[in-house]
Amino acid sequence: MDADHRDLILGQRCSGRARRKRWARSSPPYTNAPGNPRRGAQFFQTICAVCHGFDGKAINFHSADDPEYVGTVAADNPWEALHKIRFGQPGVGMIALTALSMGTLVDILSYAQTLPTK
Ligand code: HEC
């Protein structure tokens, strides 16, 4: 597990921290992010869908043969996904969302883990 991304989550002093800590210390796969996917959906569909599409498949990060979408990254590497959602990605049009609370970001991550991976 990526220690930097995990510490980012563990270091947050806000509600739900204990749940996130248990999740971060659990074993893979980490596809059960401790957020509220229904709440996350509202954020995803109004902020992220503009670029990533309502099903997260509008941008393919990898190749046509071996696609990688928001749902793929959220499932395979939730720490990286959370980091990208929070800080954006320099050099491309991916916005940083540090204005949102860690709880909301984890809600978005939880929803992203329900999106198609292929
Ligand atoms: C303004 C357009 C835009 C918005 C809005 C946006 N993204 Fe992105 N996102 C991008 C682009 C462009 C990339 C980089 C694509 C690449 O590397 O090929 C990216 C990359 C990512 C990645 C990283 C994939 C990797 O390489 O590891 C994740 C995860 C992600 N976005 C999730 C989200 C989520 C969740 C939201 C909403 C909270 C969001 N994005 C909002 C454009 C956007």
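Of the contacts in the chain with a separation of 6 or more, 64% join residues 24 or more positions apart. Two residues are in contact if their C-beta atoms, placed from the backbone, lie within 7 Å. This is a predicted model: local features need pLDDT of at least 70, side-chain atom pairs count only at pLDDT 80 or more, and totals for chains, interfaces and linings use all residues. Residues are numbered from 1 along each chain as its sequence is written.

The chain has six helices and zero strands. Helices (H or I, at least four residues) and strands (E, at least two) are DSSP runs, numbered from the N terminus. Of the 118 residues in the chain, 28% are buried. Buried here means that 20 or more other C-beta atoms, placed from the backbone, lie within 10 Å of the residue's own.

Ala, Val, Leu, Ile, Met, Phe, Trp, Tyr, Cys and Pro count as nonpolar, Asp, Glu, Lys and Arg as charged, and the others, Gly among them, as polar.

Now look at helix 6. Nine of its 11 residues are buried, so helix 6 is largely enclosed by the rest of the structure. Among them are Met-102, Leu-105 and Tyr-111.

Helix 3 is one of its partners. The two pack at an angle of about 95 degrees, with their axes 7 Å apart. Axes are lines fitted to C-alpha atoms, for helices over the stretch in contact, and angles run from 0 to 180 degrees between N-to-C directions. Helix 3 and helix 6 are therefore roughly perpendicular (65 to 115 degrees). Residues of helix 3 including Pro-37, Phe-43 and Phe-44 meet residues of helix 6 including Ile-108 and Leu-109. This contact has eight nonpolar, three polar and two charged residues.

Helix 5 also packs on helix 6, at about 125 degrees, with the axes 10 Å apart. The contact is made by Pro-78, Ala-81, Leu-82, Ile-85 and Arg-86 of helix 5 and Leu-105, Ile-108, Leu-109 and Ala-112 of helix 6. Eight of these residues are nonpolar, none polar and one charged.

Note on methods. A residue is buried if 20 or more other C-beta atoms lie within 10 Å of its own, exposed if 12 or fewer, and partly exposed in between; C-beta atoms are placed from the backbone. Angles under 35 degrees count as roughly parallel, over 145 as roughly antiparallel, 65 to 115 as roughly perpendicular and the rest as oblique.
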